[in-house]
Amino acid sequence: MYGGFATATNMRSGKNTLRKTMRNTLRQDWYPTLHVLRSQRGDKLWRGQHRKRLDDLEEAWTALGTSIALDEDTEKRDYEREVKRMTQVCAWKECKYHTEKPPTSLHNCKGCGEVVSVLSLCLLQ
């Protein structure tokens, strides 16, 4: 259903507002979601009774992106670039160094080990 709508929308002019909005919105989540689906294949859910459903979900999600003309290689490259960039800035969105590189080194959260921040104050947020 969604794939058909995406295909029909993608056939519209490149200047069409609906087409641009749908493509740009889907672009933000399409590859990250596809990446998670594929990276979880070793999880017990993939080996159990839900394997067929998850395979179908991955297939439908891939088809949705393809139908709106998203290129997997391009989206993968952009995703990896963004992941790398996010390791170089503060994770707290209110910090001024969330969008620019900080002058000092970043600190990992002692709890989860993943969140990086400029100051311990940012980790508390």
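User: Which residues form the largest nonpolar core here?

Analyst: In this predicted model, the largest nonpolar core has 8 residues: Met22, Leu26, Trp30, Tyr31, Leu34, Leu64, Ile68 and Leu70. Helix H2 gives the most to this core, with 5 residues.

User: What makes methionine 22 count as buried?

Analyst: Methionine 22 has a relative accessible area of 18%, and buried means under 20%, so methionine 22 is called buried. The residue lies in helix H2. Methionine 22 is 46 residues from isoleucine 68 in sequence, and their C-alpha atoms are 8.2 Å apart in space.

User: What does the whole chain look like, counted in helices and strands?

Analyst: There are 6 helices and 2 strands. Starting at the N terminus, the order of elements is α-α-α-α-α-β-β-α. Of the 125 residues in the chain, 24% are buried. The chain exposes about 9,100 Å², with carbon and sulfur atoms supplying 54% of that area. Among contacts with a separation of 6 or more, 46% are between residues 24 or more positions apart.

User: How do you know that H2 reaches close to its expected span?

Analyst: H2 has 23 residues and covers 34 Å from its first C-alpha to its last, which is close to the 33 Å expected at 1.5 Å a residue. H2 also has a kink of about 40°, centred on arginine 27.

User: Which residues of H2 are buried?

Analyst: The buried residues of H2 are Arg19, Met22, Leu26, Trp30, Tyr31, Leu34 and Leu37.

User: Why is the pair of tyrosine 31 and tyrosine 79 called tilted?

Analyst: The structure holds 1 aromatic pair. The ring centres of tyrosine 31 and tyrosine 79 are 5.3 Å apart, and rings pair if their centres lie within 6.5 Å. Their planes stand at 55°, while stacked means under 30 degrees and edge-to-face over 60, so the pair is tilted. Distant parts of the chain are linked by this pair: tyrosine 31 is in helix H2 (residues 17–39) and tyrosine 79 is in helix H5 (residues 72–86), 48 residues apart.

User: Why is tyrosine 31 called buried, and why is tyrosine 79 called partly exposed?

Analyst: Tyrosine 31 has a relative accessible area of 8%, and the limit for buried is under 20%, so tyrosine 31 is buried. Tyrosine 79 has 22%, which falls between the limits of 20% and 50%, so tyrosine 79 is partly exposed. Leaving aside neighbours within four places in sequence, tyrosine 31 is in contact with Glu72, Glu75, Lys76 and Tyr79.

User: What makes glutamate 75 buried?

Analyst: Glutamate 75 has a relative accessible area of 5%; buried means under 20%, so glutamate 75 is buried. Glutamate 75 is found in helix H5. Apart from neighbours within four places in sequence, glutamate 75 is in contact with Arg27, Trp30, Tyr31 and Leu70.

User: Why is glutamate 58 called buried?

Analyst: The relative accessible area of glutamate 58 is 10%, and the cut-off is under 20%, so glutamate 58 is buried. Glutamate 58 sits in helix H4 (residues 51–67). Not counting residues up to four places away in sequence, glutamate 58 touches Leu34, Leu37, Arg38, Arg41 and Trp46. The buried residues of H4 are Leu54, Glu58, Leu64, Gly65 and Ser67.

User: What comes after H4, and what is the phi there?

Analyst: H4 is followed by alanine 69, whose phi is positive, near 70°. Alanine 69 has this positive phi although it is not a glycine. Its place is in the loop between H4 and H5.

How values were computed
Residues numbered from 1 in each chain as written. Predicted model: local features only at pLDDT ≥ 70, side-chain atom pairs only at ≥ 80, totals over all residues. Heavy atoms only, no water. Helix = DSSP H or I, 4+ residues; strand = E, 2+ residues; numbered from the N terminus. Buried < 20%, exposed > 50% of the residue type's maximum accessible area, 1.4 Å probe, protein only. Contact = heavy atoms within 4.5 Å. Areas by Shrake-Rupley, 256 points an atom, 1.4 Å probe, with all protein chains shown as cover. Phe/Tyr/Trp six-rings, centres within 6.5 Å; stacked < 30°, edge-to-face > 60°. Core = buried A, V, L, I, M, F, W, Y, C linked by side-chain atoms within 4.5 Å. Expected span 1.5 Å × (residues − 1). Bend = angle between axes of the 7 residues up to and from the residue.
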